[in-house]
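User: I have a model open and would like to learn how to read it. Please take me through the features one at a time.

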Amino acid sequence: MQLIERTKKEQKSYDKQKRKEVFMKNLTLLKARILKTKLDPSDTRTIQVHSDTEGKMRNFYISNPYLQTNANFTCVSSILEDYENNRFIYKGMLLGADNAIGVVEFNVPISEVVADPNGNVKFQEMISEENALGVCQRYWDKIGENAEKIKGHSTYFGKPDFVLGTLLKRENGTFEYTDTIDDTVEKMLAQDRESARQKEMLRNKESVEIDLGGDMVVARQDCWLQQGNGIKFDGINMEALFYEYDPQKPIKTNDDKYVYIGNLQIGESKAVNQGKNEPIQFVSPFSYDDVVLWTDGKNLIQYFLDNKFAGLNLTLGEIFTTSNVQEKHTNDPMKIIGGVTLDEEGKCKQADVIPESVKKAVEEFFSNKEKQSEKIINFSDFSRG
C-alpha cells in the first residue's frame, strides 16, 4: 500500500495545527493542576477511557489525531480492585510493546489515575513505546523467554504476559513509577505460564483445527452426554481440551431456572514424552469442585437433546475453559461459572446476568452444606489429656 505524501503546504498546515494542539494540551494540564480539578473524561488531548468494539469502556488512549502516539493500553481488565488495601491491578494490550499483554499495579483505581493531571502524564510515559517495549523485553529475558515473535505472527500478541510496573500516587499529589511489582503478582504470572504449559500438554491434538501459536488455537468444539452413576456432561472446549462435568441433581427455582453444582475436570491425564533421553512426564488435568452452572427454561439434558446443534457446543466450550473457570471459581464465592440461555433465534448463548433466584439457590446450597459439615464429629479433635 503506497502512502500519500503531504504537499509542503499541507505539511505546514498540519505542523501548525499540531503545535496548537500540544499548546492546548499543556494548558489543559496546567489549569487542572492550578485549580486542583480532575480532567474531563471527554477530553481528547489526554489519555481517557474509550469503548471497544463490544461497547465496553476499557481502551485507554489519546483520541486527538494530532497527539496520538503508541501509548495505548487496550482491552483492559481488572485482576484485583481492593479498595480496603489500596491495591488495583490491571492487565491489557500495549501497542507500545508491540501488542504484548502487560500487567500494572496502582494504589488508586485506574479511573483516578487518568483523571489526575499528574497521573495522566505519568501513565502516558509508563505505557509509551519508549518505556513499554524495553521493560517487556527485559522482563522476558529475566524469565528466560526469548523476544522473538511467535512463528506466523507479526506482533508480540500471544507471548507470555509481562510486568510493566507499579504507579503510586503520593500524598503530595505526585506519581512515582517503577518497573517492578509485588511478589504476589509475579507468582500469579508464573502460575499462568505453568498453566499454559500444562494446557499445551493436555490439549486434544485431534480437535485442533488451527494452531495459532502462543497458547491460541481454533478448536473443533463438541459436547455429548455420558452415562455413568448419573448423567455427566462431556465435551471439547474452545481451548481444544476435553472436559467432564459431573453435577448433582439440579435445583429448580420458581422462575424456571435449573442450578447445577458439581465437579469439573478439564483435560485428561496423560503421559507425555518430552523427547529423546528425557523422562516421561505425567500430566494431571485441571480439577475443580462445587462448580455452579445454570440453565434457563429447561434442564441441561433437554438442551443437549434440543439444542446441541444450535450452538450448545460453542456455549459450553466457552464456559468450560480453564481461563473462565479459574477466574470465576477463584474470585466468585458462589463459584458460578456461567449460564445457558437462548437468543431470539433459538440459538444457545451465555447469559449476561445471573438471576437472583439462582444466587439464592446457590447460597442455600452452600449454607446447608456448611451446616452438615458442622454436624460431623472429627474424633481427631479429642485427646486423652
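This is a predicted model: local features need pLDDT of at least 70, side-chain atom pairs count only at pLDDT 80 or more; totals for chains, interfaces and linings use all residues.

User: How many helices and strands does the protein have?

Analyst: There are 8 helices and 19 strands. The C-alpha atoms fill a box of roughly 80 × 55 × 55 Å along the principal axes. Of the 385 residues, 42% are buried. Taking contacts between residues at least 6 apart in sequence, 52% join residues at least 24 apart.

User: At what angle do the axes of H1 and H3 cross?

Analyst: For a pair of helices, read the distance between the axes and then the angle. The axes of H1 (residues 8-35) and H3 (residues 117-127) come within 9 Å and cross at roughly 135 degrees. H1 is therefore oblique to H3. On the H1 side the contact involves Lys-25, Leu-29, Ala-32 and Arg-33, which meet Pro-117, Asn-118, Val-121 and Gln-124 of H3. By type, these residues are 4 nonpolar, 2 polar and 2 charged.

User: How do H3 and H4 lie relative to each other, and which residues make the contact?

Analyst: The axes of H3 and H4 (residues 129-143) come within 4 Å, with a crossing angle of roughly 50 degrees. Angles between 35 and 65 degrees are neither roughly parallel nor roughly perpendicular, so H3 and H4 are oblique to each other. Glu-125, Met-126 and Ile-127 of H3 make the contact with Glu-129, Asn-131 and Ala-132 of H4. That contact divides into 3 nonpolar, 1 polar and 2 charged residues.

User: Which residues of H7 are buried, and why are they on the same side?

Analyst: The general idea is that an α-helix has 3.6 residues a turn, so residues three or four places apart point the same way. In H7 (residues 322-331), the buried residues are Thr-322, Asn-324, Val-325 and His-329. They are on the same side of H7 because they cover an arc of only 160 degrees around the axis. The face turned away from that buried side carries Thr-330 and Asn-331, which are exposed.

User: What covers the buried residues of H7?

Analyst: The cover includes helices H5 (183-202) and H6 (300-319), together with strands E14 (257-266), E17 (286-296) and E18 (336-342).

User: Where is Glu-105 found, and what does Glu-105 touch?

Analyst: Glu-105 is in strand E5 (residues 100-106). With a relative accessible area of 7%, Glu-105 is buried. Beyond four places in sequence, Glu-105 touches residues including Arg-87, Phe-88, Ile-89, Gly-165, Leu-167, Asp-182 and Val-185. Sequence distance and spatial distance should be read separately. Glu-105 and Tyr-177 are 72 residues apart in sequence, and their C-alpha atoms are 10.0 Å apart in space.

Methods: Residues are numbered from 1 along each chain as its sequence is written. Side-chain values use heavy atoms; hydrogens and water are left out. Axes are lines fitted to C-alpha atoms, for helices over the stretch in contact, and angles run from 0 to 180 degrees between N-to-C directions. Helices (H or I, at least four residues) and strands (E, at least two) are DSSP runs, numbered from the N terminus. Angles under 35 degrees count as roughly parallel, over 145 as roughly antiparallel, 65 to 115 as roughly perpendicular and the rest as oblique. Contact means heavy atoms within 4.5 Å. Ala, Val, Leu, Ile, Met, Phe, Trp, Tyr, Cys and Pro count as nonpolar, Asp, Glu, Lys and Arg as charged, and the others, Gly among them, as polar. Buried means under 20% relative accessible area, exposed over 50%, partly exposed in between (1.4 Å probe, protein chains only). The arc is that of the directions from the helix axis to the C-beta atoms.
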